[in-house]
Amino acid sequence: MRILFTGASSFTGMWFVEALVRGGHSVTAVSRREQGVSSGLRAERLARVAACSRTLWNAPFGSSRFLEIIAQEEPFDILCHHGAETADYRSKEFDCVRAAAANTQSLPAVLRALSVSGCGRIILTGSIFEAGEGAGTPPLRAFNAYGLSKTLTSQMFEFYARQEGVALGRFIVPNPFGPFEEPRFTDYLLRSWRDAKTALVSTPRLVRDNIHVSLLSEIYCGFVQTLPRSGCHKISPSGYAESQGAFAERFAREIGARLNLETPLEMAKQQIFEEPAIRVNTDVAPETELGWDEGKAWDELADYYAVRFDIERR
């Protein structure tokens, strides 16, 4: 298939593009940025994307440039709208209205342009942070303002897709981890152990759904390939649905067995829950059917961190 893809410079976006290309598809990645302005991890990810796909620059979703690409480039079979406003997404100052507006800019015009060009399918990346997604502590409210922006985005896509007769697939992302991720929880664990420190798990009782990004990307590719040509459809892939304490122990066990590191953990006595105590996805992945190997995924992650943190590999 010929795929138009937004958000390829993100952690999951890079993995999704690479999985789609391995699946035999032709990907055109559109970036809202100018060429050459990214640095650090984002630049590394963009380099990998550019190595396997075509990249078009300075084309924010819904912009005149974006609409020109739909109309003038080769006709696309599907649009994968993975890009979203995420800057400071955990901040209480996150502007959910502005973010939703950017995520859906000129949406009716985009859908009409796609239909005219013969493209009648869209995959929209959603988040477990959204209201009504996953399973867990009721009520299933949006986690935060970012989650609210994604909720509004999904609702607008559903409304206009039905109105324009475009098939919509919603891919709900839980908590992915793996190589080329921004420095977050697993990065903190590795830095602590590299420096011979005990890693503190501050929210050990929160139940979350952490998933290898390599597995998530294979599920994404399969969802893109099998999306029907009509209606609205959704998949919510699940990985390790367990407490953050249990996941930290799993991570320590798997990484400790592969790197020359001691991996001590300390579980904080969590009393306050500012976020829902439980939120997990519900669709269990058919790993063997996908050809995904869990041990290989842990090996690849250990190799990545060994280079990133200059750690001796066992």
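Buried here means under 20% relative accessible area with a 1.4 Å probe, protein chains only. Your model is predicted, with local features needing pLDDT of at least 70 and side-chain atom pairs counting only at pLDDT 80 or more, while totals for chains, interfaces and linings use all residues. Residues are numbered from 1 along each chain as its sequence is written, and side-chain values use heavy atoms, leaving out hydrogens and water.

**Stop one: helix 7.** Select residues 185-194; the buried ones are Thr186, Asp187, Leu189, Leu190, Ser192 and Trp193. Helices are DSSP runs of H or I, at least four residues, and strands are runs of E, at least two, numbered from the N terminus. Now show what covers those buried residues: strand 9 (199-201) and helix 9 (244-256) are among the elements that do.

**Stop two: Leu190.** Which residues does Leu190 touch, leaving aside neighbours within four places in sequence? Look for Phe251, Ile255, Leu259, Leu261, Tyr305, Phe309 and Ile311; contact means heavy atoms within 4.5 Å.

**Stop three: the core.** A nonpolar core is a set of buried Ala, Val, Leu, Ile, Met, Phe, Trp, Tyr and Cys residues joined through side-chain atoms within 4.5 Å. The largest has 54 residues, and Leu190 and Phe251 are among those with the most contacts inside it. Color helix 8 (residues 213-226) next: this helix gives the most to that core, with 8 residues. Then select Val30, Leu107, Leu114 and Ala161, which belong to a second, separate core of 21 residues.

Notes. Buried means under 20% relative accessible area, exposed over 50%, partly exposed in between (1.4 Å probe, protein chains only).
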